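Hi,

Here is the structure I said I would pass on.

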Amino acid sequence: MTRYFEVQQRDGAARIGKFLLKEDIRTPYILDTRSLGNPESPIIDGGSLWKYSGFEEAQEHLREIRQKAGEDALIILPHQDLTPEAPRNVTIKLAEKAEGMEDSGATGAIYIAGQQVKEHDLYVMEGAGCFENNARTFLSVLLEMKKDIAPDTAIYAPNIAIPENLAMLIYLGIDVFDNTKAIIAGHNDIYLTTAGQFYLDSLAELPCRCSACSSTDLTSLRGMDKKSRAVILEKHNINAMEAEAALVRERIRAGTLREYIEGQCRVHTWLTALMRLTDSEYDFVESQNAIARNNTLVATCGESQNRAEIVRFAKRIQERYTPPESDILLLLPCSARKPYSTSNSHWKFINALGKSRKFVHEVIITSPLGIVPRELELTYPAAHYDTTVTGYWDAEEREWVASCLEDYLTKHKYTSIVAHVEDAYRVICEMVAEKLGIDIIYTSLGNVSSPESLKNLSKTVSELCTGRKRSHEQTQKDLMKAVADYQFGKGSGDILVPQGSTVKGPFPKHQIFVGKKQLITLIPQYGTLAITIEGAKALLGKGRYTVKIDDFVPRGSLLAPGVVDADPLIRPNDEVIICGEKAIAVGRANMNGDEMKRSIRGVAVDLRHVKKIE
Ligand SMILES: [Zn+2]
């Protein structure tokens, strides 16, 4: 079956895509509801089955529409419109019969939970409009749908979009909307904006400069007859939606849609509920979130700490990280400047430690990330976040950071723990120390950067320096190992930074060599590793982050149809190993592993090195 929809860009679950129809349609797309019945339109509704005496007649009607519309129009197949209250088995039975209708072009269908899904180009989230204001039901229906249908299928949520909710609906991974609500609002004298809805009577001025609003003013608008007024209001309402869709597309391209919806969702309680409920669906959100990117993660509200990138970072430290061999742990506060070690305060700490530094393992305490071992300070999002600083940490923030520190100190043992911290950082250390019954030595005397505090840090640590120490090269290797484990799973560091390997390149552009063969390079921009073919060969035995292909030699980029199998752990932007009978290659994933396996269209991996197997 040919496919007519392709996802081109992603930001979490949100995406920019393209329908390859009689005219190219870019998604997120707002279709004109009134055009759905027109055979000239690129997207046509086949209508309700109730109109026909039987399926044969419906099939005949479909054939007629297709003939008029051509192969390159998308037809939503005639459907059985039953109320959501109808018994599920009846709905499914009728839907399956309707699915029996044959058509050779681009097609869409109503999604019915429990029904065997086919490979349509678009699925309709039936009754989406009924779930408005009901975040729980809306999300559960959408997630069920997402699980069932192929990831490169478009989702159409009819009769729900208005300017204020559009960004959130796109954030959740919906691609197609319509202007039904905007039109109805226009005919009811309701003026829609991204900041909410207003009755025309309640406005003192028109808060928009779109072509419809600039063509008139409030007094003239009120003086018009109802029909003319509706024309202008409808035009404005649709313009407001189009403008919001364009803005959201920009946000997707920039990779900052989350920051936008953290603000936009406050317009309506059900949208805020949707964001919170979606955050609690960690697996759904995390699986679609890029492993690293180079834009700033801006944390401005309580919900920011529930972001998948932040929870994933904490989880990976818990599950994948092994600290270097050291007897002394030094806990430090974070700094506004990232990576921390380039900040003024950290320079002072490092200078104060002097020669004692090689005896010490440094871990930074921070909100909302929790804890950041020094080796991972470059790794996304540790060097990429910016957070609101007031000096006040709320209870949830403290609890979250404390839980990260507690987990760390439960797993990893040190002879001595020193904390050079003040204020909330100290409260957190004390909370954890008391809970675990461990001793922490505090060295700061009122201000972490004061000469007295730094002197005390220096003196305290130098008196403790009797245990294991690390050479400069070992410290560099520990960094590379920690990033390898973080990225490819526990144990990968030992494979990619083996005994006898050497480190080349200044911080942070380290490379690991075994003899003359290079295995990995640290990419400072993301704080992640790029692997060479040699590195890929070494890692292949672990079987992780691998994409299996058929017996061909890929070039430039690997397309999804060429993927035979892919590790479900792969996330967008992950470094992956491609292996087939004829070639081994390395590159950067463009979609997650599941999507690679289940998609028919789109670039799966951007390749960097390809080696033919002779
Ligand atoms: Zn306007």
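Below are my notes on one helix and a few spots in the backbone. Keep in mind that this is a predicted model.

Let's begin with helix 4, which runs over residues 163–171 and is mostly covered. How many of its nine residues are buried? The count is nine of nine. After helix 4 comes G173, with a positive phi near 100°.

On the way into that helix, have a look at N159, in the loop between strand 9 (154–156) and helix 4. N159 isn't a glycine, yet its phi is positive, near 55°. Buried, exposed or in between? N159 has a relative accessibility of 33%, so it counts as partly exposed, since that class sits between the 20% and 50% cut-offs.

D423 is another non-glycine residue with a positive phi, about 50° in this case. You'll find D423 in helix 15, which covers residues 423–436. With a relative accessible area of 60%, D423 is exposed, because the cut-off for that is over 50%.

Then there are two cis peptide bonds to look at. One goes from T27 to P28, with omega near -5°, and P28 sits in the loop joining strand 3 (24–27) and strand 4 (29–31). The other goes from K338 to P339, with omega near -15°. P339 is in the loop between strand 14 (328–333) and helix 13 (344–353).

Cheers

How values were computed
Residues numbered from 1 in each chain as written. Predicted model: local features only at pLDDT ≥ 70, side-chain atom pairs only at ≥ 80, totals over all residues. Heavy atoms only, no water. Buried < 20%, exposed > 50% of the residue type's maximum accessible area, 1.4 Å probe, protein only. Helix = DSSP H or I, 4+ residues; strand = E, 2+ residues; numbered from the N terminus.
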